[in-house]
Amino acid sequence: MLRAAVRALLTILADRAPGRSVEVRVPPYGVVQCVPGPRHTRGTPPNTVEMDPETWLAVATGRLDWAQAVTEGRVRASGIRADLSGYLPLELG
């Protein structure tokens, strides 16, 4: 159930922020590329976001503020485009 929820919310993010400039990783359940901008094609992308599944569900649904999650070290974000606060929380429904 956790896996399905993580993947569904990642898919919604990718649909609402189409692009390939940021790689969002939620191991071990999923990875998407999203956010408009320069496309990355090889090696480790310069703009990455990574977090555990529970944190992803919390920030994606608005139960945890993006800035708070980053400050607390629950989200690891690198690169100039890795701030997803403009896309989160996801509007569901």
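In this predicted model, a polar atom of the Asn47 side chain lies 3.0 Å from the backbone nitrogen of Ile80. The side chain of Asn47 also reaches the backbone oxygen of Ser21, at 3.3 Å. If you are looking for Asn47 in the viewer, go to the loop between strand E2 (30-34) and strand E3 (48-51).

Is Asn47 buried or exposed? Its relative accessibility is 9%, and because buried means under 20%, Asn47 counts as buried. Setting aside neighbours within four places in sequence, Asn47 is in contact with Ser21, Val22 and Glu23, and also with Ser78, Gly79, Ile80, Arg81 and Ala82.

Val22 stands opposite Cys34 in E2. Strand E1 (residues 22-26) and E2 run antiparallel, joined by five bridges.

Now step back to the whole sheet. It is open, with four strands in the order E2-E1-E3-E4 and mixed pairing. E2 and strand E4 (75-78) stand at the edges with a single partner strand each, so one side of each has no neighbour in the sheet. From one strand to the next, the twist averages 10°.

Helix H1 (residues 2-16) lies across E1 and E2, and runs at about 5° to E2. Helix H2 (residues 53-61) also packs on the sheet, where it touches E1, E3 and E4. The direction of H2 makes about 110° with that of E3.

How values were computed: Residues numbered from 1 in each chain as written. Predicted model: local features only at pLDDT ≥ 70, side-chain atom pairs only at ≥ 80, totals over all residues. Heavy atoms only, no water. Helix = DSSP H or I, 4+ residues; strand = E, 2+ residues; numbered from the N terminus. Buried < 20%, exposed > 50% of the residue type's maximum accessible area, 1.4 Å probe, protein only. Polar contact = N/O pair within 3.5 Å; in protein donor to acceptor, adjacent residues only side chain to side chain. Contact = heavy atoms within 4.5 Å. Pairing = 2+ DSSP bridges. Axes fitted to C-alpha atoms, helices over the stretch in contact; angles between N-to-C directions.
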